Amino acid sequence: MIFMKEILYILIILKNMDIKYGYMGIGYHLILINLPLAFIFIIINFIFFPSLIFRGFIFMTAGLILIIAGFFIVIFSLKSLLNGIKNNKLVRDGLYKYVRHPLYVGWIFFIIPGIILLLGLDLFSMIFFTSIISLKFLIKREEKSLEQQFGSEYAKYKKEVNAFIPKIKFERKK
């Protein structure tokens with residue numbers, strides 16, 4: 001039930017916001033690049049490799065778990081992001097205190113692999129790689145824009161927080 005509450009909250013904020021084209025980052029570029037490829041890979045997979053589809057309970061369960069985890073990551077990240085946009089502030093709370101791009105982490109490292117495992121779409125795994133390559137080039141544009149918008153605050157945040165993998169801090173006890 002809490003999941004539905006988060007989705008409704010995000011929809012209400014989106015409805016009441018005046019979001020400019022491209023304001024929310026490079027996500028739409030990733031979709032434009034990878035969505036047509038996804039359809040092509042799915043069709044090829046179903047036509048030429050039907051025996052690979054639905055491989056077994058363990059793969060399907062692992063895929064479902066990854067997809068659910070990915071959606072939670074995306075929903076909670078989007079909630080924090082929209083609050084930041086609404087208040088015109090750099091988002092550093094929620095999942096953004098661990099990684100700079102949790103929305104992309106949710107999609108690329110959880111949802112896409114989850115779909116691959118759940119449906120057994122081996123060729124769909126190419127979307128994972130094209131997403132990584134697209135992200136590598138597009139993220140530079142997004143971060144440059146954020147540096148222009150937030151200045152030294154974003155530069156400091158960029159030094160403190162990794163883009164995709166959280167930093168592990170080891171503390172010595174004295």
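**Salt bridges, nonpolar cores and aromatic pairs**

The structure contains 5 salt bridges, a salt bridge being a side-chain nitrogen of Lys or Arg within 4 Å of a carboxyl oxygen of Asp or Glu. The model is predicted, so that local features need pLDDT of at least 70 and side-chain atom pairs count only at pLDDT 80 or more, while totals for chains, interfaces and linings use all residues. Residues are numbered from 1 along each chain as its sequence is written, and side-chain values use heavy atoms, with hydrogens and water left out.

One of the salt bridges joins the side chains of glutamate 143 and arginine 100, at 2.9 Å from N to O. This pair links distant parts of the chain, 43 residues apart: glutamate 143 lies in helix α5 (residues 125–150), and arginine 100 in the loop between α3 (57–87) and α4 (102–119). Helices (H or I, at least four residues) and strands (E, at least two) are DSSP runs, numbered from the N terminus. Glutamate 143 is buried, at a relative accessible area of 7%, and arginine 100 is also buried, at 11%. Here buried means under 20% relative accessible area, exposed means over 50%, and partly exposed is in between (1.4 Å probe, protein chains only).

A salt bridge of 3.1 Å, N to O, is formed by the side chains of lysine 158 and glutamate 147. Lysine 158 belongs to helix α6 (residues 152–160) and glutamate 147 to helix α5, so this pair, 11 residues apart, also links distant parts of the chain. Both residues are partly exposed, with relative accessibility of 30% for lysine 158 and 31% for glutamate 147. Arg100, Glu143, Glu147 and Lys158 are linked in a network of salt bridges. Within helix α6, lysine 156 and glutamate 160 are 4 residues apart, about one turn of the helix. Their side chains meet in a salt bridge at 3.8 Å, N to O, and glutamate 160 is partly exposed, at 36%.

A nonpolar core is a set of buried Ala, Val, Leu, Ile, Met, Phe, Trp, Tyr and Cys residues joined through side-chain atoms within 4.5 Å. The largest such core has 14 residues, of which Leu78, Leu81, Leu90, Tyr96, Leu103, Tyr154 and Tyr157 touch the most other members. At least two residues of this core come from each of α3, α4 and α6, and α3 gives the largest share, 5 residues. Apart from this core lies another, of 11 residues, including Phe41, Ile116, Phe124 and Leu135.

Helix α3 has 31 residues and spans 45 Å from its first C-alpha to its last, close to the expected 45 Å; the expected span is 1.5 Å times one less than the number of residues. Asparagine 88 follows α3 and lies in the loop between α3 and α4. Most residues other than glycine have a negative phi. Asparagine 88 is not a glycine, yet its phi is positive, about 50 degrees.

The structure also holds 4 aromatic pairs. Rings of Phe, Tyr and Trp (its six-membered ring) pair if their centres lie within 6.5 Å; planes under 30 degrees apart count as stacked, over 60 as edge-to-face and the rest as tilted. The rings of phenylalanine 71 and tryptophan 107 have centres 5.8 Å apart and planes at 75 degrees, so this pair is edge-to-face. Phenylalanine 71 is in helix α3 and tryptophan 107 in helix α4, so the pair ties together parts 36 residues apart in sequence.
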